[in-house]
Amino acid sequence: MSSKPCKVLVIIPACNEELNINNVIIDLRRKVPEADYIIVNDCSSDRTGEICRKNGYNYLDLPVNLGIGGGVQAGYRYALENGYDIAIQHDGDGQHDPAYIKDLISPIINGKADIVIGSRFVTGEGYQSSGPRRLGINFLSGLIKLCCGVSIKDVTSGYRGVNRRFIQIYAAEYAQDYPEPEAIISAAMYGARILEMPVVMHERRGGTSSISAWKSIYYIIKVSLAILTYRPAFARRNP
Amino acid sequence: MVPLMLQEVSLIGILIFFAAIFYLLKKKVLLLKYTLMWLFSGLVMAVVVIFPGLLNKFSMLVGIKTPSNALFAALIFIILLILMSLTSIISGLSVTNIKLAQSVALLEKRVRDLENMPTDMKQQKSS
């Protein structure tokens, strides 16, 4: 553990979150005042950008809509440029409670993990997602275990913390579309120690989720393919 | 046997095809890198038109009864190849596009921060 204090950045991807963004920031400032944050406004068509500007929030304005992957990656690039030691991904829709940020940080500071994932399924409290979705998550979790041997229960959780090394890796290369499970695979391939910490998530308060039920089939196929092809592709690039 | 008239018309068609490619190249609408596949497919067409016997041999070789069907199969295959290469080009473009959009956002934030900074701090920073 180093003597200088860790610089922590909370990356908050936000696309059309005018109903939630204020609460998220107020909550964050109250519960974790020592952490910096950056909102990544992913070309919202609603008042998200305007709210950020008026309140003097710290935000990035993407000129075109990149989706969650490109948005989060922009946050990692910001963390890298500004010399942060730890980056926390924290959704802008009010599903995540900033109170858990310290739980995500401490294993990284103590050197116990490179990546910490806030997991709904460790203790099984709070919002547990619907039945079919749970099935999909368990399937992807099994597939990831099969492909790279890491056992993660909540593979789709977008609430995670990473250390400096993985800020660099994710800034250079991050999955697009539905990046969460793929980011775990890529981290495992780079030899990350990944830890799951129990968190309680809320159901979203307003707005609509980025993944509708209709897109779930596409999601499962796309992510499965990404997981299956990641390892050979990685071996080719890093012999 | 392929009628001579058909052969002539096809040849003229292929010449127009090549002329169009070179015209677009000259106008710099197409990058040479991406025209190679079109030139290649034009070349294949030319060979087939000039030596129609090759088509018969090819169709017998792969076991297609009518040469015209073999021609269609070959055509579809070449078109698939071209489409796939287009997809790979688009994939490359979208990756660079994402990087650029992120860089623009990061720079825009730095400019905004500089603009919002009190003037004396700006001077401090530049000195």
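**Exercise 1.** Find what covers the buried residues of helix 6 of chain A.

*Solution.* Step 1: the cover includes helix 3 (67-81), strand 4 (86-89), strand 5 (115-119), strand 6 (160-163) and helix 7 (179-189) of chain A. Helices (H or I, at least four residues) and strands (E, at least two) are DSSP runs, numbered from the N terminus.

Before going on, note that this is a predicted model, in which local features need pLDDT of at least 70, side-chain atom pairs count only at pLDDT 80 or more, and totals for chains, interfaces and linings use all residues. Residues are numbered from 1 along each chain as its sequence is written, while chains are lettered from A and ligands numbered from 1 in the order in which they are written.

Step 2: a residue is buried if 20 or more other C-beta atoms lie within 10 Å of its own, exposed if 12 or fewer, and partly exposed in between, with C-beta atoms placed from the backbone. In helix 6 (residues 164-172) of chain A, the buried residues are F166(A), I167(A), I169(A) and Y170(A).

Step 3: looking down the axis of helix 6 of chain A, you find its buried residues within an arc of 165 degrees, so they line one face of the helix. The arc is that of the directions from the helix axis to the C-beta atoms.

**Exercise 2.** In what order do the strands of the sheet in chain A stand, and which are at the edges?

*Solution.* Step 1: the order is 3-2-1-4-6-5-7, giving an open sheet of seven strands in chain A with mixed pairing (two strands pair if DSSP finds at least two bridges between them).

Step 2: strand 3 (59-61) and strand 7 (194-198) of chain A are at the edges with a single partner strand each, so one side of each has no neighbour in the sheet.

Step 3: from one strand to the next, the twist averages 20 degrees. Axes are lines fitted to C-alpha atoms, for helices over the stretch in contact, and angles run from 0 to 180 degrees between N-to-C directions.

Step 4: look at one pair, strand 1 (residues 8-14) and strand 2 (residues 36-41) of chain A, which run parallel and are joined by six bridges. Here I11(A) stands opposite I38(A) in strand 2 of chain A.

**Exercise 3.** Is chain B as compact as a globule or more spread out?

*Solution.* Step 1: chain B has five helices and zero strands.

Step 2: its radius of gyration is 27 Å, well over the 14 Å that the globule rule gives for 127 residues, so chain B is more spread out than a compact globule. The radius is taken over C-alpha atoms, and the rule is 2.2 Å times the number of residues to the power 0.38.

Step 3: the C-alpha atoms of chain B fill a box of roughly 90 × 30 × 15 Å along the principal axes. Buried residues make up 6% of the 127 residues in chain B.

Step 4: take L100(B), which lies in helix 4 (residues 67-116) of chain B. L100(B) counts as exposed because it has 12 C-beta neighbours inside 10 Å.

**Exercise 4.** How many residues of chain B are in contact with chain A?

*Solution.* Step 1: eight residues of chain B are in contact with 13 residues of chain A (in contact: C-beta atoms, placed from the backbone, lie within 7 Å).

Step 2: the side of chain B that touches chain A has five nonpolar, one polar and two charged residues. Ala, Val, Leu, Ile, Met, Phe, Trp, Tyr, Cys and Pro count as nonpolar, Asp, Glu, Lys and Arg as charged, and the others, Gly among them, as polar.

Note on methods. Two residues are in contact if their C-beta atoms, placed from the backbone, lie within 7 Å.
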